[in-house]
Amino acid sequence: MTAQQLVRLPLFGQVTEAEAEQLLHKAPNSLRKYKSREYIARQGDVCRSLYILCTGTVRAQMENAEGKQLTIDVINAPDVLAPAFIYASENRFPVNVEAISDCDVFIMDKNRFLDFMHETPSVMKNFIGLISDRSLFLSRKLNEFALQSLKSRLLNYLQVNKRISNQQEVAFILGVARPSLARALSELNNEGRIRMEGKEIHIND
């Protein structure tokens, strides 16, 4: 990771190359490469560093003791992984972070990054914005699961993503068993609210 590459990341948007060079020189850091389907972090791992996804796409997925999985988010670069938990009192990854495509992840010592935020208020403001946006996303996610029916969540998913081509993946995202998903899709199809075109499912206007 070079200073020029670092300042292109949104988190370091207002940082000069000279400041970035100084940060890279002082802070222990590394750039790690991950292949598709490799785990960047496991649920419960201690989060000792700042993880920045520089290239690629990852899946954040929770798993319970019985092996049931729930996809919390699909994250595209550039973004910070688990920003709300880096400085938490229990600073552990709440999810498995799995590479969906080949990824580059920049990893920096969190204590040096904390010092840098104190020295550079614009970076602290960007970081607080990241945490706030992630909290907003999680509150909306909670609202979906707590207050909406499965059919409503499916329609919301289709409005955002336009189609369903992999029902198992959508079952992970919505946190339901595949048979329950299939029943809800069948009911929506019978109601004329969706249409099935081969293996793809689309919402009707």
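User: Where is Lys162 found?

Analyst: Lys162 is in the loop between α5 (150-161) and β9 (163-164). Helices here are DSSP runs of H or I with at least four residues, strands are E runs of at least two, and both are numbered from the N terminus. The model is predicted, so local features need pLDDT of at least 70 and side-chain atom pairs count only at pLDDT 80 or more, while totals for chains, interfaces and linings use all residues. Residues are numbered from 1 along each chain as its sequence is written, and side-chain values use heavy atoms, with hydrogens and water left out.

User: What makes the phi of Lys162 worth a remark?

Analyst: The phi is positive, about 75°, although Lys162 is not a glycine.

User: Why is Lys162 called exposed?

Analyst: Its relative accessible area is 55%. Exposed means over 50%, buried under 20%, and partly exposed in between (1.4 Å probe, protein chains only). So Lys162 counts as exposed.

User: What about Arg37: where is its place?

Analyst: Arg37 lies in the loop between β1 and β2 (39-41). Arg37 has a positive phi too, about 80°, and is not a glycine. With a relative accessible area of 66%, Arg37 is exposed.

User: What kind of peptide bond joins Ala77 and Pro78?

Analyst: A cis bond, with omega about -5°. Pro78 sits in the loop between β5 (69-76) and β6 (79-81).

User: Which residues of helix α2 are buried?

Analyst: In α2 (residues 17-26) they are Ala20, Leu23 and Leu24.

User: How do you know that they are on the same side of α2?

Analyst: They cover an arc of only 95° around the axis, which puts them on the same side. The arc is that of the directions from the helix axis to the C-beta atoms. An α-helix has 3.6 residues a turn, so residues three or four places apart point the same way. The face turned away from the buried side carries exposed Ala18 and His25.

User: What do the buried residues of α2 pack against?

Analyst: They pack against α1 (3-6), β1 (29-34), β8 (103-109) and α3 (110-119). Contact means heavy atoms within 4.5 Å.

User: How do the axes of α6 and α7 cross?

Analyst: The axes of α6 (residues 167-174) and α7 (residues 178-190) come within 9 Å and cross at roughly 105°. That makes α6 roughly perpendicular to α7. The class runs from 65 to 115 degrees; under 35 is roughly parallel, over 145 roughly antiparallel, and the rest oblique.

User: Which residues of α6 and α7 meet?

Analyst: Gln167, Gln168, Val170, Ala171 and Leu174 in α6 meet Arg178, Leu181, Ala182 and Leu185 in α7.

User: Why is the pair of Phe12 and Phe116 called tilted?

Analyst: Their ring centres are 6.3 Å apart and their planes stand at 45°, so the pair is tilted. Rings of Phe, Tyr and Trp (its six-membered ring) pair if their centres lie within 6.5 Å; planes under 30 degrees apart are stacked, over 60 edge-to-face, and the rest tilted. Phe12 is in the loop between α1 and α2, Phe116 in helix α3, 104 residues apart. Both Phe12 and Phe116 are buried.

User: What makes Phe113 and Phe127 edge-to-face?

Analyst: Their planes are at 70° and their centres 5.6 Å apart, so the pair is edge-to-face. Phe113 in α3 and Phe127 in α4 (residues 121-147) are 14 residues apart. Phe113 and Phe127 are both buried.

User: Which residues do ring pairs link into a cluster?

Analyst: Phe12, Tyr87, Phe113, Phe116 and Phe127. The count comes to 5 aromatic pairs.

How values were computed. Axes fitted to C-alpha atoms, helices over the stretch in contact; angles between N-to-C directions.
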